[in-house]
Each structure stands twice: as structure tokens, then as C-alpha cells.
Amino acid sequence: MELVLSDEVERREARALNVKINKAGVANLASYDWDTTTQYDRELVKRLFNLSFIEKKQSILLFGPTGTGKTTLARHLAYAALKAGHSVLFTRADKMFDALKLAILDGGHDRVLRYYIKYDLLVVDDFALRTFSREEANDLYELIIERYETKSSIFTSARAPEEWQGLFPDPILGNSALDRLAHSSYQILMDGPSIRKQNSPG
């Protein structure tokens, strides 16, 4: 009887985890592959997988050339956080800004902004690819300010953090937001040749 109950509990937990995975936009992932040509601080990243950064309300900025595994690492950290019971959302920056822009039309902007604010861990992929519009900059400012020291975030970007302020139409607004983000974040450069190109056919 105990074995039957144990199996049922495990099945229910697995189903619940799959629901969370689908809602968060994170794939069910195998073990993280440390054996790549990308150069980064592996010891620091291994420590981050204990998820203490979430408990401490800290964030992570992953940056470097395209194809070096930033998104993959972010997805694995998000998956680990989900398995540990944290609420997680994975989104691309452009999709997040589009959702906020559309929400203005139906009067639901504040509701959608709160949706992105509420998660224990918010992962924003492909961040800072281009100059922010004034509306995007305002939304980003609110998002960073509201989550500062209360929630954790992971941003992946092909640009280094010191380049991000130049993408804001209002440099004072950008400095105010990014200063808080940098203050509470681990900054990890992932450098090297594109893994995607290495693994491409032919």
C-alpha cells in the first residue's frame, strides 16, 4: 500500500511539474553540459545552481557573442528553480515588450506589468538587441524598480551591460534602472566561438 501511495504521489508531482514547465515556457531539460568551448566562470555558475541567488533576491546578467550558450544556461537555471518550487517565467524581451504594448490598447497594461513582476524568477532572453522605445524604457524601468531586492531575474544579451544605458532614450532613466540591476546582479561573460556553428551539419 505504501508503495502504491508513493507511486501516486510521484506521478502527481511529475504532472504538477510538467504543468509548471509548460506555463513557464521552459523545456524539460537533461543535465547541463559543462563540456563546451565557451569560456566563462564555471565555478561561479556551479554555485548559482544551488539557487541561493533566488533566496537572496539577486539577479544574473549573462552576456557575450551569439551562440555561446547563454539561453541554454538560463533555461537550465530556470528549470532548476522550477524543480525547487519557485515560480518562474521565461520570455524573450521582444515578446514581453509587445505584450505590454498591446495591453495599453485594452486598458490592461498595469495587469500585464504585474504579471511579469510577480514571479520569483523572471528570465528575459535576447535583451538589449536594439534601442528601446520610450514606452519600452518606461516599462523596463518599472519592471526593474519593482523587482529590485524583492525578486530575481536573469537577462541574456549579446551586448555587454555597459552598453545597455546607451539604448535608453532618457539616459537618467536608464542609469537609475541599470544601476539597481547591476548592484544586485552577478555578471557573467560567456565568450568563444558559436556552439551552434560547431554543431551545424556539414
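**Figure 1. The largest cavity has a volume of about 90 Å³.** The view is taken from a predicted model, in which local features need pLDDT of at least 70 and side-chain atom pairs count only at pLDDT 80 or more, while totals for chains, interfaces and linings use all residues. Residues are numbered from 1 along each chain as its sequence is written, and side-chain values use heavy atoms, with hydrogens and water left out. On a 1 Å grid over the protein atoms alone, a cavity is a set of points where a 1.4 Å probe fits but cannot get out; lining residues have an atom within 4 Å of a point. Grid points are joined across faces, edges and corners, and a volume is the space filled by probe spheres set on the points. The structure holds 1 cavity of 30 Å³ or more. Its lining comprises 13 residues, and Ser59, Ile144, Arg147, Tyr148 and Leu181 lie nearest the centre. Helix 7, strand 4 and helix 8 each give two or more residues to this lining, and the largest share, 3 residues, comes from helix 7. Helices (H or I, at least four residues) and strands (E, at least two) are DSSP runs, numbered from the N terminus.

**Figure 2. Helix 7 has one face lined by buried residues.** The expected span of a helix is 1.5 Å times one less than its number of residues. For the 14 residues of helix 7 (residues 134-147) this should give 20 Å, and the end C-alpha atoms are 20 Å apart, in agreement. Buried denotes under 20% relative accessible area, exposed over 50%, and partly exposed in between (1.4 Å probe, protein chains only). The buried residues of helix 7 are Glu136, Ala137, Asp139, Leu140, Leu143, Ile144 and Arg147. Viewed down the axis of helix 7, these residues fall within an arc of 165 degrees, so they line one face of the helix; the arc is that of the directions from the helix axis to the C-beta atoms. An α-helix has 3.6 residues a turn, so residues three or four places apart point the same way. The packing partners of the buried residues of helix 7 are helix 5 (93-105), helix 6 (109-117), strand 3 (121-125), strand 4 (152-157) and helix 8 (171-183). After helix 7 comes Glu149, with a positive phi near 60 degrees.

Figure 3. Ala177 counts as buried, at 0% relative accessibility. Ala177 and Ile144 are 33 residues apart along the chain, yet their C-alpha atoms are separated by 6.1 Å.

**Figure 4. Phe132 occupies the loop between strand 3 and helix 7.** With a relative accessible area of 5%, Phe132 is buried. Not counting residues up to four places away in sequence, Phe132 touches Phe97, Phe127, Ala137, Leu140, Trp164, Leu167, Phe168 and Pro169. Phe168 is 36 residues from Phe132 in sequence, and the two C-alpha atoms are 5.6 Å apart in space.

**Figure 5. Salt bridges of the model, of which the count comes to 5.** A salt bridge is defined as a side-chain nitrogen of Lys or Arg within 4 Å of a carboxyl oxygen of Asp or Glu. One of them joins Arg92 to Asp94, with the closest N and O atoms 2.8 Å apart; Arg92 is partly exposed at 34% relative accessibility, as is Asp94 at 32%. Another joins Asp120 to Lys151, with the closest N and O atoms 3.9 Å apart. This pair links distant parts of the chain: Asp120 lies in the loop between helix 6 and strand 3, and Lys151, 31 residues apart from it, lies in the loop between helix 7 and strand 4. Asp120 is partly exposed at 25%, and Lys151 is partly exposed at 23%. A further bridge is formed by the side chains of Arg159 and Glu163 (3.8 Å, N to O).

**Figure 6. The largest pocket holds about 370 Å³ of space.** On the same grid, a pocket is an open set with protein on both sides within 12 Å along at least five of seven lines. Of the 23 lining residues, Thr68, Gly69, Lys70, Thr71 and Thr72 lie nearest the centre of the pocket. Helix 4 (70-83), strand 4 and helix 9 (195-198) are the elements that give two or more residues, and helix 4 gives the most, with 4 residues.

Technical notes:
Contact = heavy atoms within 4.5 Å.
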